[in-house]
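Student: I'd like to go through this model with you, a few questions at a time. Can we start once it's on screen?

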Amino acid sequence: MSHELDPKVGRWYRRLDDEQLFKVVAIDEDDGLVEIRKTDGEIEELDSTEWVVLDLEVAEPPEDYVDPDEAKDKDEDDVEEDAELDDDDDDDDDDDDDDWDDDDDSDR
C-alpha cells in the first residue's frame, strides 16, 4: 500500500504491517535515500521507491526512548561542565590546606 507521507527529518513513523517505530534521521534528495533509526538504534537506508510503498502513519516517539545523538551531546556538555567545576575547586583548596595545623604548634 502506498501513502502520501513525505519523510521529514526528526519525525517518527510507525509501520502498520509490523508496528515497528522509527525516526527519520537524514534525507539525501540527490541520491533519493531516506536514513532511518529504529528504536534499537539500528540505522537503515531506504530508497525513495521503498519509502513510498511502506504502509506508514506518523507516530509519537516511544516514552522510554533515548536518542543516541542527544545523549552523546548531553554527555559532552556534562564533561565540559565537570572540567570547569574541577578547575574552580582546585583554586579554592590550595590556601586552606597549608595552615591547618599552625595553631596546634603554638600551643605546645
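Student: Which residues line the largest cavity?

Tutor: First, the ground rules: this is a predicted model, where local features need pLDDT of at least 70, side-chain atom pairs count only at pLDDT 80 or more, and totals for chains, interfaces and linings use all residues. Residues are numbered from 1 along each chain as its sequence is written, and side-chain values use heavy atoms, with hydrogens and water left out. A cavity is a set of points on a 1 Å grid over the protein atoms alone where a 1.4 Å probe fits but cannot get out, and lining residues have an atom within 4 Å of a point. The lining is Arg15, Gln20, Phe22, Ile36, Lys38, Glu44, Leu46 and Leu54.

Student: Is Lys23 buried or exposed?

Tutor: Lys23 sits in strand E2, residues 21-28 (strands are DSSP runs of at least two residues, numbered from the N terminus). Buried means under 20% relative accessible area and exposed over 50%, with a 1.4 Å probe and protein chains only. Because Lys23 has 13% relative accessibility, Lys23 counts as buried.

Student: How many bridges join E2 to E3?

Tutor: Two strands pair if DSSP finds at least two bridges between them. E2 and E3 run antiparallel, and Ala26 stands opposite Glu35 in E3. They form a hairpin with four residues between them. The bridge count is six.

Key
On a 1 Å grid over the protein atoms alone, a cavity is a set of points where a 1.4 Å probe fits but cannot get out, and a pocket is an open set with protein on both sides within 12 Å along at least five of seven lines; lining residues have an atom within 4 Å of a point.
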